[in-house]
Amino acid sequence: MEFFERFAVPHPSPAIYASMVAIGLTVIAIFAGLTYFKKWGFLWREWLTTVDHKRIGIMYLISAILMLFRGGADAIMMRAQLAAPENKLLDAQHYNEIFSTHGVVMILFMAMPFIIGLMNFVIPLQIGARDVAFPRLNALSFWLFFAGAMLFNISFVVGGSPDAGWTSYFPLAGNDFSQSVGTNYYMIAIQIAGLGTLMTGINFLATILKMRAPGMTLMKMPMFTWSAFIANIIIVFAFPVLTVALAMGTLDRLFGANFFTSNNGGMDMLWANLFWVWGHPEVYILILPAFGIYSEVISTFARRNLYGYKSMVGSMVIISVLSFVVWVHHFFTMGQGAFVNSIFSITTMAIAVPTGVKIFNWLFTLHKGKIVITTPMLYSLLFIPLFTIGGVTGVMLGMSAADYQYHNTMFLVAHFHMVIIPGVVFAMLAGLTYYWPKMFGFMLNERIGKWSAWTIGISTLVAFMPMFFSGLDGQARRMYTYSEASGFAIWNMISFIGAAGLAVGFALIVYNIYYSFRYASRDIGSDPWDARTLEWSTHTPVPEYNFAKIPQIDSVEPFWDQKKHGKKLFEGELEKIHMPNNSGIPFIMGILFFLWGFSFIFAMWIPVIIFTLAIFGCMAYQSFEKDHGRYIPLEEVEETENKLGGNR
Amino acid sequence: MMKELFPRKQVIGFIFSLVLTAVALLVYFMDMSFAVGMTILLVTAFIQAGLQLILFMHAGESEDKTTIYTSIYYGMAIAIITVLGTLLTLVWTYQFQ
Ligand code: HEM
Ligand SMILES: [Cu+2]
């Protein structure tokens, strides 16, 4: 019995017990359902062992949407608690846990898989490749991410959630002030998911550099591919810092090291420093692919080519360097003084310039275009003004002297939500709606789609604009309540209404998926939006091998040239096609990493050693396994092509 | 004939990297100031890394030469900026205030 005591939640409440029961019942229902409908084999063959970038992309997207709802539930609880002064819905400890998990879940387990999911689905199609450079590694990336995400998510029912903020600053996150296993969950779960992300970064760099269709030079790549390319460069150089920081934090918490303690030669500020050396590049990892999506959507629905291709690329290359030299702006108030702060203030101002260049490029694209307002376009049009509010307040925060006033108030919270929601979330919703027909063979309903876009757009303003005002009035972030006399009540009530509106907007999206699944036409062809880039030139549903013949590229918009100017994209004869085999190893390694991480969190060393050996066993097996992939015979290729409406 | 088969460059490189390791070990075995020790470690580490990349990992020998060197320089630039920036914010600024 004593053994099991460590798994108890240190600060329980009826809601947590109810969640335990709900989680238990859901797991039982899923297992029972799979067994009853005899779907285990299907699940294993088609999804768990797949190495197909399209399916991996879809699994990332499903996980991201699930996590959006987990993080959204956290958000609604926080806004409800703050809606009225001296509210008793949540106590301080629960509030701490909820804002900590909300931040981690939204950034690392919602936004990251969302962009990685879209990258997975779109990039090989967009560059005319049959898969990514290392398909099995790609599957491993996904399963490591998934293992990390699930591990993090069980924390609130097993052992207790992290409660030191998504930034997990030491010394608060050290053993003295965070005694539960919560922060261990933070260190280990993010570590596992982060390894997956690092592998994704390497994989996509190799894919984009080596697998482009003949004729597609770097300067003929579609803008989304460019943005993902830059984002992956940043991943490869920023994530190792997080890996090291988390490892040092783990050593502090579990092995009595003193990297971040305030005595024995430790330095707590080093954590904040390392965290933001990763953290600021991370926000650009999120925003660049989002910009890429907007570029695709805006040029498709402005019915013209993107204005200023070269300056778009140039500004992203500049961002890839500048994003590494601004991190200190996250802790101007830590005491390093006016000289250091001024340096980082200037670099911070500088990074707003290339960001602004991109905004103007989109505006010029729109200016000469024949605009068609579809749901993805509506998100993109809403993005421009809303994101500008976030960007301008970012520049305000970047002035170090002024930041002493704004730092850690609701003003800051409003800033980053006004960049991340219009910037990243709208882009992901636009991308999801835009690529939905390519993924699933039917379109999402436009009417419901536009309703949700407007609801989400307006609610974002209602939810986050008040925070600028209450922040300037002095409302601090991460406080679980405030007094009547402070006068913050009205702002927070408005904010709560906005948050509820956002929930309605997301519910509308879910309804739209259900509605369109039932009623939408399946007869939509392979290019329902009249788009311009390569991913729309192949069949819908996309065959396993993407392109039966590898396309020949000689412009930025090869597919458009084919449609409008009769250029030949696909030449030559059909041939047999070489494809990689499925593998169960990545999935098994995901499970092993989950168990390894769980044992590590609770300092159960014997299982840790066993699972470590098992993980190395899997890697050794991989190294010695002889798997040369397989050929899809010519007859099968011909048959598929004919069934999908003639070979191209 | 024999001359072409004998991997002269590699063997010399191997001996050189052993020498570098030995020099780095001196820091442990000999009594020297922190500054001198650190300098020796940094210099030998960078030469060693270069040797490994260029000679044994064939960084410059394929058509991807430019990509490989660009990413090495980019990585070095980022690492140096990060380290110097960190020292500046966490250490030097307090020494010169
Ligand atoms: C126009 C460019 C931008 C500038 C000048 C800027 C500036 C800043 C500054 C100075 C802070 C720190 C303020 C403080 O702690 O007092 C900050 C915080 C933050 N920014 Fe930005 N920002 C910009 C764009 C973005 C973008 C595009 C994103 C995300 C996609 C983003 C996400 C964040 C986040 C998440 C935080 C707060 C993290 C925390 O403390 O929890 N920012 N920004
Ligand atoms: Cu930043």
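This briefing walks through the metal sites, the cores and a few individual residues of the structure above.

You're looking at a predicted model, so local features need pLDDT of at least 70, side-chain atom pairs count only at pLDDT 80 or more, and totals for chains, interfaces and linings use all residues. Residues are numbered from 1 along each chain as its sequence is written, chains are lettered from A and ligands numbered from 1 in the order in which they are written, and side-chain values use heavy atoms, with hydrogens and water left out.

- Donors here are N, O and S atoms within 2.8 Å of the metal (3.2 Å for Na, K and Ca), and water is not among the atoms, so sites may look incomplete.
- You'll find A:His415 in helix 14 (residues 410–440) of chain A. Helices (H or I, at least four residues) are DSSP runs, numbered from the N terminus.
- Which residues hold the copper ion (ligand 2)? A:His280 (ND1), A:His329 (NE2) and A:His330 (NE2) coordinate the copper ion, at 1.8 to 2.0 Å.
- Along the sequence, the copper donors follow the spacing H-x48-H-H.
- Between the iron atom of ligand 1 and the copper ion (ligand 2) there are 4.5 Å.
- A:His329 counts as buried because its relative accessibility is 15%. The cut-offs are these: buried means under 20% relative accessible area, exposed over 50%, and partly exposed in between (1.4 Å probe, protein chains only).

**Around ligand 1**

- There are 20 residues around ligand 1, and A:Trp166, A:Asp403, A:His407, A:His415 and A:Arg477 come nearest. A residue makes this list if one of its heavy atoms lies within 4 Å of the molecule.
- Helix 9 (268–301), helix 12 (375–398) and helix 14 of chain A are the elements that give two or more residues to the shell around ligand 1.
- Sorted by class, this shell around ligand 1 has ten nonpolar, eight polar and two charged residues. In that sorting, Ala, Val, Leu, Ile, Met, Phe, Trp, Tyr, Cys and Pro count as nonpolar, Asp, Glu, Lys and Arg as charged, and the others, Gly among them, as polar.

**Nonpolar cores**

- The largest nonpolar core has 199 residues, and A:Phe109 and A:Trp362 touch the most other members. Such a core is a set of buried Ala, Val, Leu, Ile, Met, Phe, Trp, Tyr and Cys residues joined through side-chain atoms within 4.5 Å.
- Helix 9 of chain A gives the most to this core, with 21 residues.
- Another core, of eight residues, lies apart from it, with A:Leu82, A:Phe99, A:Tyr482 and A:Phe488 among them.

- A:Thr200 sits in helix 7 (residues 182–210) of chain A, and it counts as buried because its relative accessible area is 0%.
- Leaving aside neighbours within four places in sequence, A:Thr200 is in contact with A:Tyr60, A:Ile116, A:Met119, A:Ser141 and A:Asn232. Contact means heavy atoms within 4.5 Å.
- A:Ile601 belongs to helix 18 (residues 585–601) of chain A, and it is buried because its relative accessible area is 1%.
- The C-alpha atoms of A:Ile601 and A:Gly159 are separated by 9.4 Å, although these residues are 442 residues apart along the chain.

- Is the peptide bond from A:Phe170 to A:Pro171 cis or trans? This bond from A:Phe170 to A:Pro171 is cis, with omega near 0 degrees, and A:Pro171 lies in the loop between helix 6 (135–153) and helix 7 of chain A.
- A:Thr540 and A:Pro541 are also joined by a cis peptide bond, with omega about -10 degrees. Look for A:Pro541 in the loop between helix 16 (489–519) and helix 17 (558–565) of chain A.
- A:Glu86 isn't a glycine, yet its phi is positive, near 50 degrees. A:Glu86 counts as partly exposed because its relative accessibility is 47%.
- A:Arg478 has a positive phi too, near 60 degrees, and this residue lies in the loop between helix 15 (446–472) and helix 16 of chain A.
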